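This report covers two residues and one chain interface. The sequence and structure come first.

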Amino acid sequence: MSTEITTADINVPGHVAVRRQIQPRRIELHVGVGLILAVVVACLVIPILDRTDPNALVALPLQPPSAEHPFGTDMVGRDVFIRVFTAGRLDIALAALGVLVPFISGTVIGTVVGASRRRLVDTVTMRLTDCVIAFPFVILVLVIVVIIGADTRIPLLPPGAASVLVAVWIVNWTTYARLARARTHVLRQEDFISAARLLGFSQARIVARHLLPSVWPTTATYAVADALVLVSLIAALPFLGAGIQPPTPEWGSIMYEGRGFLLQAWWISFTTAGVLLVLGTGVMLVVDALVSNPRRPRLP
Amino acid sequence: MLVVRTTFARALQIVIVGLFVTVGTNLLVRLVPGDPARAILGEKASPEVVRALRHELGLDQPVIQQIARSLGRLVQGDLGTSFGYRGQEVASLIGPGLGVTAGLAAVAIALSLVVGVPGGLWLALVRRTEADLIGRLGTTVLLALPSFMAALILLYFVSLKLGLAPAGGWAGSWPENARYVWLPALALTTYLGPLIARTVRQAALDAIGQPFVEAARARGVPRRRIVACHVLPNALLPVITLVGFNAGILVSGAVIVETVFAVPGLGSRLLQAMSTRDLPVMQGIALVTAVSIVLFNLLTDLLNIAVDPRIRRTH
């Protein structure tokens with residue numbers, strides 16, 4: 001009944017309270033990394049090789065896949081193939097940015113809170129994270145997106161990206177903080193931390209040099225799964241009237257636009273979905289491999 | 001005693017959720033650089049509308065006073081007034097939607113249990129065979145599939161190609177809704193079902209390795225009875241916590257799937273509120289869903305206490 005989270009019940013898709021006895025899964029890791037790399041490299045290379053403007057009208061609308069346009073054309077005659085892989089750059093970059101900031105801030109906050117001996121700090125942080133976790137992620141993000149407004153911009157990013165990123169940064173550190181805190185509580189019992197205390201090291205030094213190196217592998221595993229959650233979130237937002245504004249190619253908006261043409265042109269939505277699914281399966285396989293064989297922190 | 005304490009903890013969480021929404025939005029509104037009312041409404045809004053929103057958000061008052069005012073209203077059960085639908089109470093706007101979304105989520109949970117529990121148990125019983133490998137791979141792919149994509153795929157194949165279900169809509173009353181609800185619910189099942197299957201599989205494998213199963217086998221208890229009476233109850237236990245844990249993700253998925261199937265739930269309300277940047281309605285939806293999820297978590301807590309004697313013993 002406690003609200004503690006341990007590494008065993010990280011809220012990773014497929015891994016709540018799952019503990020494997022089976023030994024490391026090398027194949028899963030390799031296939032997973034391979035699938036992720038395939039999509040990432042395609043997103044990087046294809047827009048360079050084929051310099052067609054993703055917003056250019058290149059052919060008749062709603063043309064089925066052909067040698068010239070492997071994913072067909074959309075309802076106004078843009079090349080879906082180029083759009084999907086150009087969009088991939090944006091989606092993957094946004095997901096990476098969205099994961100990186102909460103990963104760092106959440107891990108640091110959680111470790112500091114976990115190491116702190118003031119109960120009040122701990123209680124307040126935990127109640128706050130409890131509360132954030134009670135909200136459906138998508139709805140909380142949307143509320144923050146509306147408050148921040150669509151006109152706020154971050155340089156280099158298309159309209160609509162800034163509010164989504166900031167919302168994710170505000171919400172997502174909480175899970176990392178909880179995981180880091182739980183891990184810190186385990187580590188606090190270890191001899192090497194007591195030794196550091198006895199040596200008279202400052203709290204800051206213990207956190208930075210002794211705790212964080214053993215805490216971050218735990219939160220990093222979650223970060224991999226979180227990246228997939230974020231890609232899905234960003235792609236889902238156009239369905240709720242938010243997210244990256246068209247005509248900027250983005251996986252969600254391509255699928256959303258294609259939704260109205262499913263019968264005439266399944267390829268608009270489903271080729272995009274296919275690419276996202278390849279990436280997602282890769283991520284899930286890597287998470288499987290990491291969770292079944294969590295990196296043991298090296299103890300001195 | 002444990003029941004009282006659990007209920008109290010969840011009640012406290014509801015209070016904190018209410019505080020969080022009120023204080024959080026009020027502070028965030030003021031942290032936004034420039035005129036927040038202008039930021040929310042965009043450049044095209046008329047000055048009168050912006051002024052009205054400034055008043056609605058309490059920007060013409062000190063922040064502490066505004067927070068106190070919103071909290072006072074919240075305590076009285078007043079979620080505020082919609083901005084897009086002038087004069088309409090937020091509570092009356094989102095009430096019907098909440099019922100629809102809750103119904104969809106309930107059907108999705110039921111479907112996931114029907115698919116996931118036998119599926120997971122079967123995977124545990126055929127372990128280390130090709131079927132197990134395919135089953136595991138299948139759950140991995142399904143878990144990687146966002147529910148709105150599952151919804152699009154089901155909409156295309158089941159509804160548009162095969163014509164087995166309406167492409168969207170809602171009947172409005174319960175037995176009739178079944179015709180409309182099963183396809184969106186199935187889309188949500190593609191996430192929760194495999195998750196349950198995996199958990200049941202692992203818990204069943206753990207149970208099969210326990211001495212009491214071996215003892216039962218040694219006593220000559222038939223295999224079928226071992227599975228039904230010794231393995232299954234242990235495999236079901238973690239499912240309660242799992243479903244409670246995933247209530248938030250399920251609601252997140254439900255609101256998106258609703259927009260694909262034009263189901264008039266909270267998702268459709270949210271979509272409307274987004275288009276008019278109707279902050280009070282969105283705030284209301286966030287609050288109502290969070291409180292429902294906490295209440296649902298309370299239910300799973302109590303269920304756990306009821307079915308698992310170990311929890312009662314340790315407290």
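Leaving aside neighbours within four places in sequence, Ser159(B) is in contact (heavy atoms within 4.5 Å) with Leu154(B), Leu164(B), Ala165(B), Pro166(B), Ala167(B) and Leu183(B). The model is predicted: local features need pLDDT of at least 70, side-chain atom pairs count only at pLDDT 80 or more, and totals for chains, interfaces and linings use all residues. Residues are numbered from 1 along each chain as its sequence is written, chains are lettered from A in the order in which they are written, and side-chain values use heavy atoms, without hydrogens and water.

The side chain of Ser159(B) also reaches the backbone oxygen of Pro166(B) at 3.4 Å. On the other chain, Val113(A) touches Val121(A), Asp122(A), Thr125(A) and Arg181(A), not counting residues up to four places away in sequence.

Between the chains, 67 residues of chain B are in contact with 59 residues of chain A. One salt bridge (side-chain nitrogen of Lys or Arg within 4 Å of a carboxyl oxygen of Asp or Glu) is counted there: Arg198(B) pairs with Asp288(A), the closest N and O atoms being 3.2 Å apart. Helix H13 (residues 279–307) of chain B gives the largest share of the side of chain B that touches chain A, 13 residues.

Definitions and conventions: A polar contact is a pair of N or O atoms within 3.5 Å; within protein, one must be able to donate a hydrogen and the other to accept it, and residues adjacent in sequence count only if both atoms are side-chain atoms. Helices (H or I, at least four residues) and strands (E, at least two) are DSSP runs, numbered from the N terminus.
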